[in-house]
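Thanks for coming, everyone. Please look at the screen while I talk. I will start with one definition and then walk through the model.

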Amino acid sequence: MSTEFHQEDEQFIARAKQVLNQGVAGIDHQTVLRLQQTRVAACAAGPTRGWWILWASGLAMASVAALTWLVWMKQPALIETHHVPALEDMDLVMSAENVELAEDLEFYHWLADDDATG
Amino acid sequence: MEATALTSAYGASGTIDVCRRAAILDRTRALDRFLAGIERRAFRIAQIATGDADDAMDLVQDAMLKLVQRYSTRNEADWKPLFHTILQHRIRDWYRRTKVRNRWRQWLGKGEENPEAYDLLEAVADTSQPLSDRQLELKRANLAIEKALRTLPLRQQQAFLLRAWEEVDVAETATAMGCSQGSVKTHYSRAVHSLRKLLGDHW
């Protein structure tokens, strides 16, 4: 089917336009009032924030949440590696032999120097 | 000296604020003018598409709100194609929803909602004044074209109303309808030929 219009088609289109415009003029008063109210409400609503601001806010919040989660997940591992060996060493530190060792530290230094000098 | 500096600073910010408010007010007025000029035809387009005045009002309301909220900062020249794009999207969504609802109704045995049940006579304003022969003839012609338009497939109806009535160009109609320019030309041509056939030469 050709998309070109003949003169009769053009006349028909012009007539249709006129009739449709007449239909608009015949819209009832109540509908016209409702349309006016709708328009005033829409204009009063004003523009909202751009979609990219919402996306950026969402992305920032997601990043913070991910970072918090990562930090929280890493924390127990740190405690395990640093604190548990320290607790294991506590027995050694608290034993009576180690207290004596600490008291005779100068003697052991002297012994070490003596060994080194020969 | 300090007081003078403060006053001039306040004056400058005050002037900027006033200018900004004036610009917002100008834009709101321009939007109001634009919507006032298009609202009735938009309502009729939606009413012809849906066959229901309340649904048509909802669709126009949605289109107006979205235009103001999302695109009011764009150039005024862009508002018309944008508005029609939004409205046509809304109409297509309405068709999809109605189709799904009708399927459910059929499945539940309630029968399909008949869009033709819409009484075209309801669309005629009750002016309570005697109409001239010319007015009566136009009213009859209006009812006839509305009925004929409602028998067309949605795409043909959209193409005809946008191209013939709203005088939107092919490219903008294609954007509004979400199809190619070639499709717009085909739909429009088919619509014109179908309508001429339906309405007859003496319409």
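First, the definition. A residue counts as buried under 20% relative accessible area, as exposed over 50%, and as partly exposed in between. Keep that in mind. Also remember that this is a predicted model.

Take B:Y95. Its relative accessible area is 30%, so B:Y95 is partly exposed. Now take B:W94. This one has 11% relative accessibility, so B:W94 counts as buried. These two residues form an aromatic pair. The ring centres of B:W94 and B:Y95 are 5.4 Å apart, with 70 degrees between the planes. That makes the pair edge-to-face.

Now step back to chain B as a whole. How many helices and how many strands does chain B have? There are 7 helices and 0 strands. Read from the N terminus, the elements go α-α-α-α-α-α-α. Chain B has 203 residues, and 39% of them count as buried. Next, consider contacts in chain B between residues at least 6 apart in sequence. Of those, 66% join residues at least 24 apart.

Over all chains, the count is 7 aromatic pairs. One of them is B:F34 with B:W79. Their rings sit 5.8 Å centre to centre, and the planes are 55 degrees apart, a tilted pair. Why does this pair tie together parts that are 45 residues apart in sequence? Because B:F34 lies in helix 1 of chain B, while B:W79 lies in helix 3, residues 76-107. Are these two buried or exposed? B:F34 counts as buried at 16% relative accessibility. B:W79 is buried too, at 0%.

On to the interface. Chain B gives 46 residues to the contact, and chain A gives 34 residues. Together the two chains bury about 3800 Å². Of that area, 68% is on carbon and sulfur atoms. Which residues of chain B lose the most area to chain A? They are B:R40, B:M57 and B:W165. Together they make up 17% of what that side buries.

What about charges? The rule finds 6 salt bridges across the interface of chain B and chain A. In one of them, A:R39 pairs with B:D32. Their closest N and O atoms are 3.1 Å apart. There are also 7 residue pairs in polar contact between chain B and chain A, both residues at pLDDT 80 or more.

Which elements of chain B give two or more residues to the side that touches chain A? Helix 1 (2-50), helix 2 (53-71), helix 4 (133-151), helix 5 (154-165) and helix 7 (181-199). The largest share, 11 residues, comes from helix 1 of chain B. By class, this side of chain B has 25 nonpolar, 8 polar and 13 charged residues.

Two last close-ups from the two chains. A:F5, A:F12, B:F160 and B:Y188 form one aromatic cluster. Then there is A:R15, in helix 1 of chain A, residues 7-25. What does A:R15 touch, leaving out residues up to four places away in sequence? It touches B:E137, B:L138, B:A141 and B:W203. At 17% relative accessibility, A:R15 counts as buried.

That's my tour. Questions, please.

How values were computed
Residues are numbered from 1 along each chain as its sequence is written. Chains are lettered from A and ligands numbered from 1 in the order in which they are written. This is a predicted model: local features need pLDDT of at least 70, side-chain atom pairs count only at pLDDT 80 or more; totals for chains, interfaces and linings use all residues. Side-chain values use heavy atoms; hydrogens and water are left out. Contact means heavy atoms within 4.5 Å. Buried area is the accessible area (1.4 Å probe) that two parts lose on being put together, summed over both. A salt bridge is a side-chain nitrogen of Lys or Arg within 4 Å of a carboxyl oxygen of Asp or Glu. A polar contact is a pair of N or O atoms within 3.5 Å; within protein, one must be able to donate a hydrogen and the other to accept it, and residues adjacent in sequence count only if both atoms are side-chain atoms. Helices (H or I, at least four residues) and strands (E, at least two) are DSSP runs, numbered from the N terminus. Ala, Val, Leu, Ile, Met, Phe, Trp, Tyr, Cys and Pro count as nonpolar, Asp, Glu, Lys and Arg as charged, and the others, Gly among them, as polar. Rings of Phe, Tyr and Trp (its six-membered ring) pair if their centres lie within 6.5 Å; planes under 30 degrees apart count as stacked, over 60 as edge-to-face and the rest as tilted. Buried means under 20% relative accessible area, exposed over 50%, partly exposed in between (1.4 Å probe, protein chains only).
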